[in-house]
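Let me put the model on the screen. I will talk about aromatic rings, and then about charges over rings.

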Amino acid sequence: MTYKPNAMFSDYDFTVTDRFMRYVQTDTQSDPQSASFPSTEKQKNLSRLLVKELGEMGITGAELDEHGYVYATLPSNTGKKAPVICFCSHVDTSPDCTGKGVKPLLHRNYNGKDIVLPDDAAQVIRVADHPYLQQKKGEDIITASGTTLLGADDKAGVAVIMDMVHFFTTNPEVKHGTIKILFTPDEEIGRGVDKVDLKKLGADFGYTLDAGERGVFEDETFSADSVTITFNGVSAHPGYAKGKMVNAIKVASAFIASLPQDWLSPETTEGREGFVHPVHINGIAEKVSIQFILRDFITAKLQEYASLLQQKADETLAHFTGVTATLEIKEQYRNMKEILNSHPKVSAYAIEAIQRAGIEPVLSSARGGTDGSRLSFMGLPCPNLFTGEMAFHSKHEYVSVQDMQKSVETIVHLAMIWEEKG
């Protein structure tokens with residue numbers, strides 16, 4: 001099916017690009033080893049800027065709370081009674097790659113060739129490695145300079161939401177119900193909604209802006225648990241350790257080596273396949289802890305994966321006398337599809353909005369999680385929409401200006417649809 005672009009945006013001067021280029025220059029990297037909330041105070045630097053800009057657009061009452069959440073309300077301008085809709089993005093960037101000193105570069109009218117990043121010529125965004133980039137020839141592409149990630153995940157979403165607010169405040173004749181804005185910290189480390197106040201937010205349904213390719217709509221995510229396995233060895237002076245020491249580092253190494261080599265790992269799975277992934281190891285000869293993340297679209301499989309880890313740990317212990325091990329499981333998030341199946345309009349309206357923006361919807365399942373995964377189970381059904389952000393968590397991250405603009409169009413249409421059918 002071919003969709004026609006809506007004339008409503010033909011004369012609109014998008015602000016999303018300037019906003020995005022500005023936002024990514026603020027370092028907001030979160031820290032999984034921090035016990036504070038948010039995990040890094042610097043995340044609030046961007047949040048303060050967002051509150052300021054919201055105020056400049058006439059949004060009264062926008063606030064940054066002590067936990068790093070930004071809450072704001074775009075009041076209804078219709079006489080209809082419509083559900084209250086929330087749009088949400090996270091301000092933090094991944095700990096996997098530095099976000100300090102980001103220098104965004106705008107490549108106008110992209111020529112379709114490999115992009116060599118100027119501050120480190122070894123960093124090349126190769127078309128062969130990024131098939132979606134092949135579709136972006138002639139568009140305007142934003143990258144980092146080669147020494148940092150870009151931060152499109154999820155500052156593209158932040159910029160899209162802010163431009164939506166700008167559209168509605170400069171086009172008051174376009175009808176919409178009450179719209180809530182939520183910007184969260186610490187999404188990248190799985191704590192994004194730990195302290196969110198849903199009563200204060202006051203929304204009926206929500207959408208995160210945190211997906212990639214143009215037209216993508218995600219109403220399904222992984223279910224996720226974390227597992228920590230701790231090996232307790234036997235310590236002794238290394239000069240007199242014969243027959244006494246049992247080195248927990250060697251035990252942990254043997255355990256890691258026993259895990260499946262050609263399946264059940266991120267590097268060997270795709271599509272709807274789940275995985276078991278060690279993400280952090282810490283310890284000394286006496287004691288070693290290994291942190292895992294478990295992921296699958298079928299929640300029940302997480303227990304199977306935990307049982308596999310327990311089995312491998314037990315098999316490893318059989319080769320080392322005097323060593324003990326403990327396994328601790330923590331729930332992280334669950335597949336949002338389990339909730340969204342009961343709220344079909346949330347997905348149907350999003351798909352219609354994508355179509356109204358002149359795009360073919362791409363229905364997708366996220367091999368990961370979003371704030372919406374947990375928000376859905378907390379009582380706010382919340383699927384995920386595209387922003388154009390690509391190659392997340394790496395120095396090769398990029399985003400198309402035109403993709404961000406289409407994302408703005410989509411959520412404007414989405415708010416209008418909820419008002420029309422309210």
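One aromatic cluster here is made up of Phe-9, Tyr-12, Phe-14, Phe-167 and Phe-168. Keep in mind that this is a predicted model.

The structure as a whole has 15 aromatic pairs. One of them is Phe-9 with Tyr-12, with 6.2 Å centre to centre and 80 degrees between the planes. That pair is edge-to-face. As for burial, Phe-9 has a relative accessibility of 5%, so Phe-9 counts as buried. Tyr-12, with a relative accessible area of 13%, is buried as well.

Now a second pair, Phe-87 and Tyr-207. How far apart are the centres of these two rings, and at what angle are the planes? The centres are 6.0 Å apart and the planes are at 25 degrees. Planes under 30 degrees apart count as stacked, so the pair of Phe-87 and Tyr-207 is stacked.

Where do the two residues sit? Phe-87 is in strand E3, residues 85-90, and Tyr-207 is in strand E9, residues 205-211. The pair therefore ties together parts that are 120 residues apart in sequence. Buried or exposed? Both Phe-87 and Tyr-207 are buried.

Last, the charges. Lys-195 is placed over the face of Phe-37, and the distance to the ring centre is 5.8 Å. For Arg-272, the charged end sits over the ring of Phe-297, at 4.5 Å from the centre of that ring.

To recap the two pairs: Phe-9 and Tyr-12 are edge-to-face, while Phe-87 and Tyr-207 are stacked.

Key: Residues numbered from 1 in each chain as written. Predicted model: local features only at pLDDT ≥ 70, side-chain atom pairs only at ≥ 80, totals over all residues. Heavy atoms only, no water. Phe/Tyr/Trp six-rings, centres within 6.5 Å; stacked < 30°, edge-to-face > 60°. Buried < 20%, exposed > 50% of the residue type's maximum accessible area, 1.4 Å probe, protein only. Helix = DSSP H or I, 4+ residues; strand = E, 2+ residues; numbered from the N terminus. Lys NZ or Arg CZ within 6 Å of the ring centre and 35° of its normal.
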